[in-house]
Amino acid sequence: MFRISAFVTELQQPTPISPRRDAPGPVVIWNLIRRCNLHCRHCYSASTDKDFSGELTCAQVCAVMEDLYAAGVRALILSGGEPLLRPDIFDIARYAKAKGFYVGLSSNGTLIGQHNIDAIAASGFDYVGVSLDGLGATHDHFRGQKGAFAASLEGIRLCRERGLKVGIRYTLTQGNAADLPGLLALLGTERVDRFYFSHLNYAGRGGSNRAEDSHHQMTRAAMEQVFDSCLAYARAGQAKEFTSGNNDADGVFFLHWVRRHYPARANHIEGKLRQWGGNASGANVANIDNRGNVHPDTMWWHYSLGNVLKRPFAQIWSNPAEPLLAQLRRRPRPVKGRCAGCAYLDICNGNTRIRAQKHLGDLWAEDPGCYLTEDEISAGPSAA
């Protein structure tokens with residue numbers, strides 16, 4: 001994940017550059033349930049409105065939390081499917097908070113209502129992220145349900161009224177790129193705290209819809225909008241938290257944006273970007289699916305590192321004999337093609353790798369989702 005707002009802040013309030021280091025334990029995105037009341041076109045877990053067998057009980061979830069905490073994990077993102085479809089979701093959240101975890105809720109927002117907003121607020125979620133794929137009819141089309149946008153927006157408003165930190169999660173495709181400016185404006189009109197911009201990744205239904213992945217020029221234009229919006233909100237005294245995910249080339253693109261607009265800060269930002277270090281799949285990010293299988297991140301559901309019902313998480317995550325983890329944790333990664341010759345490999349760390357594997361059948365092939373030009377990946381400064 002690329003924390004755009006943190007780097008924008010560095011433009012105005014620089015902080016010392018430190019050596020890059022991994023966190024004591026990964027952030028764990030936990031798909032507690034696969035069932036969902038919607039049918040989203042780019043769902044990585046291919047969720048649908050039916051029960052799935054083999055999902056962990058509340059007692060099992062709480063037991064796994066003990067293992068996670070012992071392994072150094074301190075942040076949990078409770079996801080799905082739609083996590084609010086679990087009747088024990090608030091018990092799980094309260095247990096996690098009592099244990100000392102940062103706890104986020106990743107929801108489609110349609111099930112947040114007057115009937116449960118008090119319980120959501122009382123559970124102590126540190127953050128509630130609601131997915132919006134556009135405005136009005138665009139969102140309803142992507143989510144497969146008429147009225148989904150209105151319901152999700154009402155969920156956002158209810159969270160905000162209860163003092164919860166709330167954010168919008170958005171995945172760019174050709175079909176919803178035109179709605180991005182309206183969503184960015186919504187951050188101000190609805191007083192939303194955070195905006196998460198996701199690039200389409202080739203997993204789940206996102207894999208079958210890869211033809212809808214935005215062209216590189218569209219991606220570039222979208223990222224320019226996000227950078228400009230983040231800066232504009234900060235200058236207006238309405239600082240919002242902007243992040244992006246599933247394409248670590250965003251960091252290098254930001255560097256070139258800084259070189260154009262803030263050349264005096266470019267060397268500092270480059271140093272901070274190298275300190276960040278890019279893609280952290282299999283190192284600082286982990287995923288547990290609804291049946292307890294552990295993955296390097298949410299896009300690797302086809303590959304299980306082990307199951308938390310059979311082995312403690314720490315044993316799975318630190319297994320020296322696990323080949324995929326060993327490969328993903330290599331620095332520098334042995335990437336091929338244009339990635340191998342990129343002057344900024346230590347900034348993006350070879351990107352997510354799942355696109356290369358899914359699209360080209362080679363874990364180390366060049367990332368087909370990289371939208372940087374040849375000039376932008378060369379050693380010389382670029383004004384592109």
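**A mixed sheet and its helices**

Leu78 has Leu105 as its bridge partner in β3. From β2 the chain passes through helix α3 (residues 89-99) to β3, in a right-handed β-α-β crossover; right-handed means that, with the strands pointing away from the viewer, the path from the first strand over the helix to the second runs clockwise. This is a predicted model, in which local features need pLDDT of at least 70 and side-chain atom pairs count only at pLDDT 80 or more, while totals for chains, interfaces and linings use all residues. Residues are numbered from 1 along each chain as its sequence is written, and side-chain values use heavy atoms, with hydrogens and water left out. Helices (H or I, at least four residues) and strands (E, at least two) are DSSP runs, numbered from the N terminus.

**The sheet**

- An open sheet of 10 strands has the order β7-β6-β5-β4-β3-β2-β1-β8-β9-β10, with mixed pairing; two strands pair if DSSP finds at least two bridges between them.
- The edges are taken by β7 (241-245) and β10 (306-307), each with a single partner strand, so one side of each has no neighbour in the sheet.
- Strand β2 (residues 75-79) runs parallel to β3 (residues 102-107), joined by four bridges.
- Four bridges also join β2 to β1 (residues 27-31), again in parallel, and Trp30 has Leu78 as its bridge partner in β2.
- β1 pairs with β8 (residues 285-288) in the parallel sense over four bridges, and Val28 has Ala286 as its bridge partner in β8.
- Four of the five residues of β2 are buried (under 20% relative accessible area, 1.4 Å probe, protein chains only).

**Helices α10 and α11**

- The axes of α10 (residues 249-261) and α11 (residues 266-276) come within 9 Å and cross at roughly 170° (axes are lines fitted to C-alpha atoms, for helices over the stretch in contact, with angles from 0 to 180 degrees between N-to-C directions).
- The two helices, α10 and α11, are therefore roughly antiparallel, a term for angles over 145 degrees.
- Gly251, Phe254, Leu255, Val258 and Arg259 of α10 meet Ala266, Ile269, Glu270, Leu273 and Trp276 of α11.
- In α11, eight of the 11 residues are buried, among them His268 and Lys272.
- Those buried residues of α11 pack against α1 (4-12), α10 and α15 (345-348), where contact means heavy atoms within 4.5 Å.
- Just after α11 comes Gly277, with a positive phi of about 90°.

Note on methods
Buried means under 20% relative accessible area, exposed over 50%, partly exposed in between (1.4 Å probe, protein chains only). Angles under 35 degrees count as roughly parallel, over 145 as roughly antiparallel, 65 to 115 as roughly perpendicular and the rest as oblique.
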